[in-house]
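Dear colleague,

Please find the structure below. My notes on its rings and its ligand follow.

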Amino acid sequence: MLTFRNPVLPGCHPDPSICRVGEDFYLVTSSFAYYPGIPVFHSRNLVDWRQLTHVLTRPGPLSLEGLDVSDGIWAPTIRHHDGTFYVVSTLARNRQGSITFIVTADDPAGPWSDPVPLEAEGIDPSLFFDDDGRCWLAACRDAVEGGPGELWMRELDLDRLKLIGPTHVLWQGAVRGAWVEAPHLYKRDGVYHLIAAEGGTEGNHSVTAARSDVVTGPYVTDPRSPLLTHRHRGPDEPIHNVGHADLVDTPDGETWAVTLGVRPIEGTHTLGREVFLVPVVWTAHGPVFAPESGEVRLSERLPSIASERLGDPLGDGPGDGPGDGPGDGLGDGLGDGLGDGAAVVGRECFDGQLPGLHWSSLRGPIGDRVRPSAHGQGLEIDVVPEPLSSTGVPAFIGRRQQHVRFHAQAHLSFAAADPSQEAGLAVFQHQDQYATLALTVDGDRRPQATLTVRESGVETSLAAVPIPVGEALLSVEGDEAGYTFRAKDPDADHWTSLATIERSFFSTERAGGFVGVHLGLYATGNGRPGDGCAHVHWFEYQPHR
Ligand code: 6LW
């Protein structure tokens, strides 16, 4: 049996939503306080994904400044109707829905419209286009009665992009006890099927369902709920927290779900919530997830369209340029089948170009702070006052850590004017939970590389090594045990090891919140303005076996 490797989008890609137009699949995920917002991915086989663009590429009414890394843009839904793509999502502040908005595009590669705010309470908005041409927005909120949460619905006027008519309360969930969220509606043989997530996005996460003959309800709980969960599985199960699913039909009549899940090691995970692909069959009772195994698996049978298209360049398949994984078709060098296509690996020299789509900044554009080097290769990063711990826009770009075993390196030159200035490599989980390996100077202005950790407002310097000329290779290597930081003078033969930080330090369980680790490049004057800049000659990310 031909298989692919889950997750199909490794690293921090939470809350997936998917739609199909003809032969093409499109997928969006949450982006939180990372900017640009809402990455859009494309695939023709459901297994290999390539990022096309982002939905939110201009700072506008959805300011992310001041927000915790795990607030910001939550749980988008993507749908296509009558030649137009629609994305609905919510800007969250203090872990609560603040502005729900809709964005449209003729081409999913953009341009996307400016966001139009909708009068919608709560989070996790979703759109459903009925056969009669009417469009409905469903979302979740605190329950008006009973509770704790409920799914509700209103009609969306597509011409005015305005919610109209009464609010219909659809359902309070099958499992109760925790918010019902992430609603998505599908119509099959005249029946409206509502699926949702329950139990919270952690260990009790699950997919539950209800159905109705009328779009606005009442919805009756599917007694098989939860239809998919790993909440009952033991610590040896490699995938946990499974839930927040969206379904898509393939052109050849299969149905697949994308769902989020995490891969903990000894109870903690660092890569964030990743996208897993799960087979679904429709029965008279509704959708059956993973009909053969009842679980989300690391190795799963290939969708039939992927088998048919093996050897087809796919436009997105392995080996057609940046954004591709190490894949070469079957067996990508890391897994045991197709997959891992969205892992971006290799050395990047930023030849006169801004960092690619897999790089993000925090809370806003940093085009005025990070730019292609004036001297050919590399990037220049300005020393700005904002430290990485600020909730502003630090001079930082980061990319997802996509493998537990990885090696990231950067070649940097930086002449710090004083010990407050630093530039280097960051392992960034949250603005209050990160480590930096930085070029700076000591009190006597002698260049050095320093390893510092920050947690809960406290910064601790772990180690420092002299670097004779203010130019160094900085390296971090991660595995199941920890992250080991090393530095070296470019002309020296040997690396100096600074320290190993235990892996759980960077975990979501330790930091809280909803995101996974990003590996970043940054410069800061730690509160003081500076006029210097750091030069990044290259950055490299490689998975390890
Ligand atoms: C998402 C919601 C959730 O909107 O976390 O707990 C939120 N579940 O479905 C952020 O990913």
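Rings and ligand

R399 sits over the face of Y541, 3.8 Å from the ring centre; a charge counts as over a ring if NZ of Lys or CZ of Arg is within 6 Å of the ring centre and within 35 degrees of the ring normal. K488 is placed over the face of W495, at 5.9 Å from the ring centre.

This is a predicted model, in which local features need pLDDT of at least 70 and side-chain atom pairs pLDDT 80 or more, while totals for chains, interfaces and linings use all residues. Residues are numbered from 1 along each chain as its sequence is written, and side-chain values use heavy atoms, without hydrogens and water.

Y541 also belongs to a cluster that ring pairs build with F406, Y483, F505 and F506. Rings of Phe, Tyr and Trp (its six-membered ring) pair if their centres lie within 6.5 Å; planes under 30 degrees apart are stacked, over 60 edge-to-face, the rest tilted. The whole structure has 14 aromatic pairs. One of them, F350 with W359, is edge-to-face, at 6.0 Å centre to centre and 65° between the planes.

The ligand is surrounded by residues including D15, W74, E181, T201 and R273 (a heavy atom within 4 Å). Alone, the ligand exposes 300 Å², of which the protein buries 95% (Shrake-Rupley, 1.4 Å probe).

Regards
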